[in-house]
Every structure is written in C-alpha cells, then in structure tokens.
Amino acid sequence: FLIFRSSYFHLLNGQDLYAAYPLEHLDFYKYSPTWALLFAPYAVVSVPFGLILWNLTNAALLATALAMLLPPRAAAWALAIVFFESLGAIQNAQSNGLAAALMIFALVASERNRTASGAMAVAIGTSIKVFPIVAGLLGALRRPSGRHVMLCIAAGAVLLALPLLVTSPDTLLQQYRSWLAIGARDHLYVKQAWIGGIVETYRDAAIPHAPIQAVGIGWIVFLSWHAARVWDDALVRRLFLASLLGFATLFNHKGESPTYVIAFAGLGIWWSVLPRARWRDAVLMIAFVIGSLGGTDLVPRAWRGAYHQGWQLKALVTLIAWVVMQRDLWMAMRRSRAPQAERIPLAL
C-alpha cells in the first residue's frame, strides 16, 4: 500500500516512479504511471483510512463481480473457494483481487451489452498489471466485435495519456521508459510461482521464460478460435473466463502467492458452473487444501517453507486443476456444437 500511495506523490512531483525510495518503502513500484494517478483516492487520505478503503475495494469488487456473473448458489461456492486467497492478497494490500474482478467484469459487461464498460474494465486492469489485457477476448469473441476492439483501443489510449493531467509529456515519456526497464529486469527473476518457476525449482537452474509464455499464448489463441464458434453458450463463456484467469496466473513470470486469488477465482467459477462429479471434486479439494490452505498459518511455518514454497506446491496443484479445466472447456465446446438436448447445463 505504501508503494502505491507514494507513487501518486512521486508522479505529481515529477520523480522517477521506478527508482528506489528506501526511506518510504522496501520494494519498487512496478505498475503503470496511469495506475499511480488512479490511486489518488486512496493516497490523499490518511494511511489507515486509505489502507482500509483499498482493501475493501479489492474484496467488495471481487465479491460483486462473482455475484453478477453467477447464480446465487454458484456464486456462494465460488466465493468460498477463493476466500483464503482473497484474504492473503488483502493481508498483503495487493491489487490482485481488483485485477481478477476487472477481468470478470469484462465478461459481465459483454453479456449485458455494456461494451464501453467492458472496454474500460479491460483498460483499467491492464493499467494495473499488463496480463488482464487478455480479458479483451471476452468481448472480442462476441460478434460483431469491431466496436469492442475500437473502444478497448480508445480506452487504453486515454488511460496511457491520463497522467498528462498532472505531469509534462517529456516526464511521462521518461516514466514509460523506466517502466519498460524495470519490467525487463523482472524477467531475470527465477523460481517464481508460475509454470516456469516450477521447472526452475525442480531443475535448480534458470530457464528462458518467453518460450513457455509463447506456448500459453498459442493455446489461448487456439481456444479462442474454437470458442468464437459457440460463444452463444453461457457455459463456454464462463469456462473460457475461468481458463483465462488461470492462464493469467500460471503464465505470469512475476507470479507469487498473493497472485493466486486470480487463479482461484477461475477455479471457483469452473467448479461451481459444472454438474457435480466426484473426480472434479477431488481435483478441487487437492488444489484447495494443498494450494490454498497449505499456504496459511493453519499449517506449521517449517512445513510451508520446506514444501509449500520449496516445492512450488501452490503452482503445481493449480496447474493440475487448470489442465483439467481445459479438458472441461474443450468438452463443453464440442457438446455446444451438438443438438441443444446434448449440451451441458449450467449448475445452479
């Protein structure tokens, strides 16, 4: 929270957002100049009040997004599944709950014919963390998609230029250069909580990140091509969203434990909208108990350090669940092309 809060004042003062400020906080600011400006409502008030307001925003918007997307019973299950991850993200005062909410809102807006709102959700999410840009697919797969794409581009352009309200063009350009530079350094991190981090942990050696991310992007493009043909199916749309939420976590080379509120929101959507099956329940329980509960104070600190973190168990079990999710999405797309009577019903 102090990093976000300080960034607003650094932007106003024309200071480099991405420099070290050890007297103010212990880490670097790694988000866009736009987000530094958008954080103003939480920065201009006192620290305790701003912190409470910030955490309430993350919790409330995620709960609201799931409630708007799903029927009440399914939403309740999804909220229960994501609860501990949301709590962890809030305890770290991070923005991951908000990022997940904005990605979900992108689909909600599309289904309610609110194209401008959906485009703004995508643009704001991208200004926080780049990966929510994939949520733009949730409007682009709906035909016709031209207006959605144009509004996403327009919203993105407006947000990129928005800091000009408080800073000069030359200073803003330098801020973007610094942002790119610190992002390039992040690619040097190893053993983070993502697919590449799993490989690095068990190989005990660094690996190139780009090939793994290219495979993930290729898979999402492949799914998008097939999903576009059956986008009228509400189950396909929700399972595709769940897949995107998992993708945005598991293929993020800067992934860490609080990031998994995004993936677990996807797991909650996946499990809650499908008919009950014991094998699917087992996959969820493994992910929830080992991945989510296993990272809390409900288990001994020594175990968490040696196994949950040391073996990347959260990333590993979430990856297993995400692979199963791809199977369910593929089956839903196949059956959606079949006669109406053979479609999988949404679980209520």
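Q: Where does Ile220 lie?
A: Ile220 lies in helix α12. Bear in mind that this is a predicted model.

Q: Is Ile220 buried or exposed?
A: Buried, because its relative accessible area is 5%, and the cut-off for buried is under 20%.

Q: How far is Ile220 from Leu87, going by C-alpha atoms?
A: Their C-alpha atoms are separated by 29 Å. Along the chain, Ile220 and Leu87 are 133 residues apart.

Q: OK, salt bridges. How many are there?
A: The count comes to 7 salt bridges.

Q: Which residue does Arg237 meet in a salt bridge?
A: Glu111, with an N to O distance of 2.6 Å. That pair links distant parts of the chain: Arg237 sits in helix α13 and Glu111 in helix α6, 126 residues apart.

Q: Buried or partly exposed, those two?
A: One of each. Arg237 counts as buried because its relative accessibility is 14%, while Glu111 is at 27% and so counts as partly exposed.

Q: Which residues are linked in the network with Glu111?
A: Arg237 and Arg238; together with Glu111 they are linked in a network of salt bridges.

Q: What about Arg280, which residue does its side chain meet in a salt bridge?
A: Asp328, at 3.0 Å from N to O. Here too the pair links distant parts of the chain, with Arg280 in helix α15 (residues 278–292) and Asp328 in helix α17, 48 residues apart. Both Arg280 and Asp328 are buried.

Q: Why does Asp328 count as buried?
A: Because its relative accessibility is 3%, and buried means under 20%.

Q: Which salt bridge does Arg327 form?
A: Arg327 forms one with Asp328, and the closest N and O atoms are 2.7 Å apart. Arg327 counts as partly exposed, at 42% relative accessibility. As for Asp328, its place is in helix α17, which covers residues 313–336.

Q: Switching to the backbone. Where's the cis peptide bond?
A: It joins Arg143 and Pro144, with omega about -5°. Pro144 is found in the loop between α8 (137–140) and α9 (146–161).

Q: What's the phi of Ala93?
A: About 55°, a positive value, although Ala93 is not a glycine. Most residues other than glycine have a negative phi, and most peptide bonds are trans.

Q: Where does Ala93 lie, and is it buried or exposed?
A: Ala93 lies in the loop between α5 (72–91) and α6 (96–111). It's buried, with a relative accessible area of 9%.

Q: And Asn113, what's its phi near?
A: Near 60°, which is positive in a residue other than glycine. Asn113 lies in the loop between α6 and α7 (115–128). Asn113 is exposed, with a relative accessible area of 54%.

Q: Last topic, the surface. Which residues make the nonpolar patch?
A: Tyr202, Trp303, Tyr307 and Trp311, over about 440 Å². One of them, Trp303, is in helix α16 (residues 301–309) and is partly exposed, with a relative accessible area of 34%.

Q: And which residues form the positive patch?
A: Arg229, Arg334, Arg335 and Arg337 form that one. Arg229 lies in the loop between α12 (210–227) and α13 (234–250).

Notes:
Residues numbered from 1 in each chain as written. Predicted model: local features only at pLDDT ≥ 70, side-chain atom pairs only at ≥ 80, totals over all residues. Heavy atoms only, no water. Patch = residues over 30% accessible without salt bridge, like charges linked within 9 Å, V, L, I, M, F, W, Y side chains within 5 Å. Areas by Shrake-Rupley, 256 points an atom, 1.4 Å probe, with all protein chains shown as cover. Salt bridge = Lys/Arg side-chain N within 4 Å of Asp/Glu carboxyl O. Lys, Arg positive; Asp, Glu negative; His and termini not counted. Charge placed at Lys NZ, Arg CZ, Asp CG, Glu CD. Helix = DSSP H or I, 4+ residues; strand = E, 2+ residues; numbered from the N terminus. Buried < 20%, exposed > 50% of the residue type's maximum accessible area, 1.4 Å probe, protein only.
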